[in-house]
Amino acid sequence: MPTRHRPGRSSAVAVLAALALSTVAACSSAPAPAALEQNGGTSNGAVPGASGAPGAAGTTGTTGTTGTGGTTAAGASGPGAGTAPGTAGTAGGTGSSRVGTTGGSTANGGSAPRGGGGPAVAAPRSTLFTAAEDRIGITPSSITLCVHAALTYAQAFGTKDTDFNVFWQALNTEKGGILGRKVNVTYENDNYTPTDAVTAATKCKAKNPFMLLGGIGFDQIPAVRNYVEQNHMFYLHHTATINGTAGQKYSFTELPTVERVGEAFAQLAGAKYKGAKVGIIERDSANWSPGVQAFKRIAPRYGIKVVKDNKVAQNKGNYTQDILDMKSAGADVVWIWLNALESTQLLKQAKAQDFNPHWLLFPFNLTSQTLGSDAMNPPLDGVAMYPAYSKGDYAGTFSSYAADMKEFEAQYRKYDPNADLSGIGGDLLFLNWVGQKALAVQLAQCGKDCTRNRMVDVLESYKGQAPSRSSCPLDFSGDGHRGSVDVNFMTTYRSPSGKINWRNTSACVGP
Amino acid sequence: MTAVSVHRRLPARGLPVPGIVVALVLAALLPPLLGSTPLLSDPHALLLCRASGIAIAAISLNILMGYAGQISLGQFAFVGVGAFTTGIVTGTHDLRLPWLAGVVAAAAAGALLALLVGLPALRLRGLYLAVVTISVAYVGWQSLFRVERIGGGSAGKVIPRPYVGGWSFSDNATYLSLALIALVVVWQVDVNLVRSRFGRAFQAVKADEKVAASFGVDVARYKLLAFALSGAVAGVGGAVFGTAFGTVTGDDFQYSTSLLLVVIVVIGGLGSRAGVVAAAFFAVLLPDVLIGIFGSGIRGLDLVINAALLVFTIARHPDGMAGAVAEAREKRARRRGGEPPLPPTRPNLPSLGRPSGMPEPRRLRAGRPVLDVAGINVRFGGLQAVDNASLRVDRGTIVGLMGPNGAGKTTLFNAITGALRPDSGRVALLGQDVSDLPAHARAALGVGRTFQLIGLVKGQSVYENLLIAQHLAAPYGLGSGLTRVGASRWYEREIRERADKTLEGLGFQRFAQTPVGRLSHGQQRIVEIGCALVTSPELVLLDEPSAGMSPAAAEDLAATLRDIRDVLGRTVLLIEHNVPLVLDVTDELYVMDAGRVIANGEPVEVVQRPEVVTAYLGTAPVREGVSA
Amino acid sequence: MGQVLVLGLISGGIYAIFALGVVLVFRGTGVLSFAQGEIGTVALYFAYFLVTKQHLPWAVGAIGAIALATLIGAAFEYGVVRRMVQADPVSTAVATVGVTLFLLAGEFFVFGASPRDLPAPTRAGVELFGVRVTPAQIAALLLALALGLGLQSVLRRTDFGLGILAAAQDPTAVRLVGVPLSRLTLTIWSAGAALSGLAALLVEPTVGFITPGYASELFIVGLAAAVIGGLTSLPGAFVGGVVLGIAEAAANHWFGQYGLPGLRYVVVLVVMLVVLLGRSFAPDLRRRLEQPPRPAGVTA
């Protein structure tokens, strides 16, 4: 496990910072397409408007604490950079709830590429990759990325494989890539099973990518983590358990862990339904149960009592018995700890059985639109690692990242006009886009002489910044591999277009 | 499969010993060498590992369906059990034992589960067994493999790669060596199986259980053995397959994969090892080949092609590709050389002693009969097939049993040999009461028999039949049989010598490799008699041996029968319709009618009795009678 | 308890309809068809296509689906079964396995693995013992019963039906007598396939999403029900279906909460083994009870 917890003090970091950290961190996500449970993404909230005066002037580092700082400026290289991140202190990782606070970080992102480049580069801090491994997948004119994701389910969300590559297409076409490097991304279908995920990772490895990106899949990611550990790939993945990662060095995530998300559900239930009787319907899997254990651990803090806990096999199909069990146990709140498709099925069957508790689940427009007004009866509650999206609605809690939404819609209008952003897959495409944007920012921060080790440095230098306005702040100073603990709370609402979508109620909520 | 449709022959030899060494060396060295070149990429190596696992599974299904004729539509459940067991035994959070221990455990677990499935298989026929196996496949996929303890729920079970010292087989090309070595070993074991008494016994059970029992094969035990062996090999396949991927879930062992395995085995040709392995590789590699040629838009079409191929093959060639190849080969051989001349119909049966593998028959006190049957009653529904029948056969005699059709002669035979259980009555063989013994046990005491419709394994060659008939003369164990070490070498040599001598005596050397089904009826009968005598049984029961023979051939048969009695010193009980033959050879004659023994005594005298003539002709006896 | 009964009857009706299809084909042609399940899935996909892509009403989709199923059954009989007249039933059964794989592959190819949603026709329902039952589910049970009895009398009492029974036992004789054999078997296979389509349709509103292989999972239970019922008895098939449905509901009720997955299949296996083995041991048992004791072995 890397032991660098460098506060941004040394000059080397300052230089690096000058190159890189412009914007700020956020809960950025793994740029994963086909997100089923969650997406990495961004959380809105953070953004906050600039405020933060562009730091310029070195304050680098100052402000002691967690650096944030430092960066400064300008430099920004890369897209989205923009203004300097907050200077002065604040920010930075102080604990929780960076909602809205600008705290320093943030830079509004904006796309304007700022020139920049920075002074000469120093040697990277990280020594994770050997000299031979360090420059795999990156040349002066290209960066190769490979993604394993559940492409099988793209159609269930009303999308096609090609819908997920618009950001990179736009970036390559309009800006010539990142610092002159075109970003080539290929996707391998992991079929949403661990075995096929390993096969997909193997296929990706054969293409010698700079980074392997892991899309949504609580069960797939642990299998691939084992694989990359033995094969020394640079793996950036979606949410997964921290359980089982002891000793693993090659996997990174910018999203909260499964355990943290489970906790967050308890937080949400506690905040809204203090003292309630909660029923849980959970996926039977060693990769899902840590979330439930975390939930149960902090539930007493909010006076929540778990009255029934049913484990169900994947794709069980018929949940009638479980629904009746919840009913007879008297649950007023039911937490569905299953993926979006399973949750939708379950909710349909529950409505058919006339069972209407408060529901907690992963928030996807697929679920809310499929259920229609049933999803308002009562409104559903959700915890997510990505921002909410509702096409054309820039008001209320969408306003802080409305600029990103508009940019997203503009790009799709230009490069993929047939994609239905207002449909059941719109939010999936948006969260995927946001994640890709955050990664682009970080790749830019890696600089002209980017290598894998330098990219590791970039990740680990995030201590309270968000890579884009739609993301939550990142902080890799813990174990150097997991950078976020912030989630968004959401609820269903009737959007101006008439469709039932999700919107944020609180953004970037910490523990 | 119809009996004579394809001439399946068991290969006389597999890879010669040096061959297996070559194969092992190639398997060990080639993949890592190729792996460092662009010829063998990592994903391709993984795919080939998968193909090897499936090929091993296909061999396992071939043992069950191709050799033993037991239908199994859920084979992948056994493969899955093997994979998960390996994970439990070698996993870092489980037992953490070395990989080889995992493979052994996988084989054991597969064998155990298959045995559990095999037990009901003893009582269930064909289609019922098929439905039970489907059900087992579903239980495995949807239930057993998803239990968190066993399969980790949807997380799956992690199966670490094997390691030696500090170095692990994590590179796919290196692991491929291991997978191929496993395949070669399984292949060789299968070759040995087929050459051993076990493989022959399976073939006999598949062809005709009654015939197998008459050769001393304990049918129930061998069915279970076939299941257990098949399960063990499937378990090994699971270990190989699962370790390749590192993580397996229940969904990797779906019902449709079991069906695919059936497709592979049927298309490859039931009973043909090479065909089955080739079909396995073809089926696994086809999707990627298609994608390579046509691009990824073709994904999914490969399964369509596979399935269409199956339906087509079954419709045109029920015996699969290997069957089609064999047919073509036969046609070519037939075109090349004409039929060999007919062998002499008067065989010279060799006087072989009792085989060393069989115990000496019980010593019989002078005057006691070799066979003593008392009060046999057999009832089929409303029909009394055998009604209080008794007979005795003295040593060194030929006793005849005559009667019109439907008199119950064959039923009585079946009761004597144990092919059926009479409702009451007693059978004593060489002084020992065998009434409670099953057919194969009675065969072990020294009874040989022939059947009305030729009791041979029609799909096998003459030589193989002679070996099958000596099943009891080669009592070596399974371990010895599968490794060809120890007792099996000794016994196999002995029974092959005896078979050679018998072949010579019969004059059938040219027909040694000919499938029995292709011989003429008379030739088959002679082979059958040879098989009945090859273990030197004390008592031989012949059921209408002269049926379908010309008068000249029947005369030769009479001479043969006398030889059996005089030269070989055996005792014969003979069902016959051919009166001159009966009068010529028998020392004593029994006549049955409507289930009852209506006459017995000196042959010439018995045939003239009025009740006997009435039984045959139905009306008033002809005055002049039949004279010898 | 009532809950178990209601849930059991709901699924039992579906299993019974599948079982009736199996028995009909088996009794009429001597072939055990493993393809019936997948025919149901294909029919369902077709209904999905008509209702969600072509925006036709549910009733039209349903009729279209059953029609397609019937067509597939007929095509299979005409294209494959007819050519395998000489083959033994096991080979023909394996051919139906091939058809299953073919249809499965087709579904993957055309629709992909993504689950599809066919909205239910109505929201109406009746509450029984705490369980809300939809009209489709009630219809399934009643239809199964009606079809079971109806088909039974068609087979036993009409000339057509008797022709079918005779054809299964001795096709040559039937042909000699002048009965149009090919038309009979065509009808049988088509009817069997239609039943599958019907069953699949009636289930879907409950369970939610259509995926490849969807109906086969239920079909297996129907197959087991047919086997339990004796494989040749239509009322037996109905009873078998209901028994399995109730057993499954009971098992889910008592053991489901422990997360033991796939109880339905465990129940099927256990019940099937008990019934089949019991039936195979019965004649031996009967004989042992009726037979006079055998005298102790006496050596000569």
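How many residues does the contact take from chain B and from chain C? Keep that question in mind while you open this structure, which is a predicted model, and begin with the chain that takes part in both of the contacts visited here.

**Chain B by itself**

Select chain B and colour it by secondary structure, which comes to 24 helices and 14 strands. If you orient the view along the principal axes, the C-alpha atoms of chain B fill a box of roughly 95 × 55 × 45 Å. The radius of gyration of chain B is 28 Å, which agrees with the value near 25 Å that a compact globule would have with 628 residues. Of those 628 residues, 57% count as buried, and among the contacts in chain B between residues at least 6 apart in sequence, 76% join residues at least 24 apart.

**Where chain B touches chain C**

Now show chain C alongside chain B, and the opening question can be answered: 48 residues of chain B and 47 residues of chain C make up the contact. To find the side that belongs to chain B, select helix H5 (126-143), helix H11 (255-268), helix H13 (301-316), strand S8 (424-429) and strand S9 (432-433) of chain B, which are the elements that give two or more residues to it. Colouring the side of chain B that touches chain C by residue class will show 30 nonpolar, 11 polar and seven charged residues.

**Chain C by itself**

In chain C, 54% of the 300 residues count as buried, and residues 24 or more positions apart account for 77% of the contacts with a separation of 6 or more.

**Where chain B touches chain A**

Finally, bring back chain B and display chain A, where the contact takes 21 residues from chain B and 22 residues from chain A. On the chain B side, select helix H2 (42-67) and strand S4 (247-248), each of which supplies at least two residues. H2(B) gives the most to this side, with three residues. Coloured by class, the side of chain B that touches chain A divides into six nonpolar, 10 polar and five charged residues.

Key: Residues numbered from 1 in each chain as written. Chains lettered and ligands numbered in written order. Predicted model: local features only at pLDDT ≥ 70, side-chain atom pairs only at ≥ 80, totals over all residues. Contact = placed C-beta atoms within 7 Å. Helix = DSSP H or I, 4+ residues; strand = E, 2+ residues; numbered from the N terminus. Nonpolar A, V, L, I, M, F, W, Y, C, P; charged D, E, K, R; others polar. Rg over C-alpha atoms; globule rule 2.2 N^0.38 Å. Buried ≥ 20, exposed ≤ 12 C-beta atoms within 10 Å, placed from the backbone.
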